[in-house]
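Subject: Structure handover

Hello,

Please find the structure below, followed by notes on what was found in it.

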Amino acid sequence: MTSSTARAGARRRTDHGAWFLVLPALLPILLLSVGPLLYGIALAFTDSQAGRTEPTQWVGTLNFQDLLHDTLFWDSFRIGLLWAVGVTVPQFLLALGLALLLDQRLRLRWLARALAIIPWAMPEVVVGIMWRLVYNPDAGILNETLRDLGLGDGRDWLTGLATALPAVILVGVWAGMPQTTVALLAGLQNTPGELHEAAALDGAGAWRRFRTVTWPAIRPVALAITALNFIWNFNSFALVYVLTSGGPGGRTRLPMLFAYEEAFRYGQFGYAAAMGCVMVAVVSVMLAFYLVGRLRGGDDA
Amino acid sequence: MTAPRTGRAGRAAQYAALLCYLVFLAFPFVWLVSIAFKPAAELGSLHPTWIPEDPTLANFRQAFDEQPLLRAAGNSLLAAASAALVAVVVATPMAYVMARRRSALTTAATGWVIVSQAFPFVLVIIPLFLVLKNLHLINTLAGLVAVYVTWSLPFALWMLVGYVRAVPRELEEAAAVDGAGRVRVLVSVTAPLLAPGLVATGLFAFITAWNEFFFALVLLKTAEKQTLPVVLTHFLGAEGAADLGPLAAAAFLATLPSLLVFAVIQKRITGGMLAGAVKN
């Protein structure tokens, strides 16, 4: 055996070893994640229903044609976009502010960091319950505070047609702010301090230092986390399910809630799968943004 | 980072802003705790106070009477602990391969890890529901654990790849030169250095499963099998009517394990997971 074939043999052996190492994770991924995803896409082209005795049939694009005319779905789609943008943008701005503060040498910094864990660690169901207690029309602290400040007699925020969506959006912002803050803070702490000092010596004000030094440094992180937040928010379920169950009158019915009801309350599996496909399409656009941000981040690192 | 000097007015503004953040972050939780310890009479008051005037544990007792909280917590614990354990055991070898070599397979795996962040879960849960139903795994914790394992794999892989990369390759090579076999190197050199990362990853997988709601809602039908988040929603009752005190008490209790675990692993997660999520 020549040395080169021996080496090739060794490499093949290690490759087998690699497969052996990868398999335990790969199998569940293929069986329980990739497989169901493909199956789900296939279901969108069938008339699959819960508890039906006749065999499921292919119906081509019928579900999608129905979806096209389903005004309730498009309402929920619009609400989903409003919610995703309405949560993601303030979440980012607030998180950026907090990250910039936490990057300074301030006294209560540790407390803010500790408190920021709370929304992150809490089960979404508990976050929803907690805010229902805050919003409670009679026993809630929000209305009581407003009364104390002389700002009206308070109202039933979660059941008001006009207030329900803004009210759940506020909860979404609160719940997702910590992750964004931590990501941005990580980005900030990779920014070389000398650049700031140099810019300050050149007489740059705070805003100019932010624009010319801080922002370029955290831009890739900011882009990536914003895209991810949009995706997560657009797909979210538990928070709004607990807060309003989609009410009042569908004003907070996010696409996930709609699809969930369609699938597991009315048993329309094929139709709900078609909704899922449409959601994937929306989210793919943001995923492309995310990948771009990530690649740029990789270049910088 | 050493920030340039800020003027006194700037400092004051910074503290004022920080204070606003502290209040915003803390007040809902303070309110939850306050309600959890308030007697029924105070909850009926039209002018609620921040601090219970006559704190009581009655809400906690009533919460346990109304819903099977202990059994639900047991289910959550069992599901989350098994899922975390299996996820770490299964993900570690793959993460090792992903961190140490580049091949088409590892690139594909990385791609999948990213793409899986974007799944609307409804598209995955319908087929899973049908498959688990055929396997008679609906309304079993085993079915739920299988879903949780798969679901926590992307993040587990992400975190673990970072931890493996942090173990210097030279250490492994030096041990190999000294004549240690491949398995020996992994067990006696790599594993000990990786251990804290494995624990952090496992705890994170534990929390995600402990907090998870959507899959549990769909897959678990009977109260005996349901996990804590699902049972908590039973307190809400029909038409949003709720017994506020017991609701708050139960919600408060459900949060404690997560908060404790999170406090322990917080630093590792922020370093490992988010750094992984936003840059490679």
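A search of the whole structure, which is a predicted model, finds two cavities of 30 Å³ or more. A cavity here is a set of points on a 1 Å grid over the protein atoms alone where a 1.4 Å probe fits but cannot get out; grid points are joined across faces, edges and corners, and a volume is the space filled by probe spheres set on the points.

The second largest cavity has a volume of about 30 Å³. Its lining (residues with an atom within 4 Å of a point) consists of Pro123(A) and Val126(A) together with Trp210(B), Leu228(B), Pro229(B), Leu232(B) and Ala254(B). Helix α11 (residues 228–234) of chain B contributes the most to this lining, with three residues. Helices are DSSP runs of H or I with at least four residues, numbered from the N terminus. By class, the lining has seven nonpolar residues, no polar and no charged ones. Ala, Val, Leu, Ile, Met, Phe, Trp, Tyr, Cys and Pro count as nonpolar, Asp, Glu, Lys and Arg as charged, and the others, Gly among them, as polar.

On the interface: 104 residues of chain A and 90 residues of chain B take part in the contact, meaning heavy atoms within 4.5 Å. About 9,000 Å² is buried between chain A and chain B, and carbon and sulfur atoms give 79% of that. Buried area is the accessible area (1.4 Å probe) lost by two parts on being put together, summed over both. Between the two chains there are 11 residue pairs in polar contact, both at pLDDT 80 or more. A polar contact is a pair of N or O atoms within 3.5 Å; within protein, one must be able to donate a hydrogen and the other to accept it, and residues adjacent in sequence count only if both atoms are side-chain atoms. On the side of chain A that touches chain B, helix α1 (residues 3–43) of chain A gives the most, with 20 residues. That side divides into 76 nonpolar, 15 polar and 13 charged residues.

The peptide bond from Gly247(A) to Pro248(A) is cis, with omega near -10°. Ser245(A), although not a glycine, has a positive phi of about 55°.

Residues are numbered from 1 along each chain as its sequence is written, and chains are lettered from A and ligands numbered from 1 in the order in which they are written. Local features need pLDDT of at least 70, side-chain atom pairs count only at pLDDT 80 or more, totals for chains, interfaces and linings use all residues, and side-chain values use heavy atoms, with hydrogens and water left out.

Regards

How values were computed
Helices (H or I, at least four residues) and strands (E, at least two) are DSSP runs, numbered from the N terminus. On a 1 Å grid over the protein atoms alone, a cavity is a set of points where a 1.4 Å probe fits but cannot get out, and a pocket is an open set with protein on both sides within 12 Å along at least five of seven lines; lining residues have an atom within 4 Å of a point.
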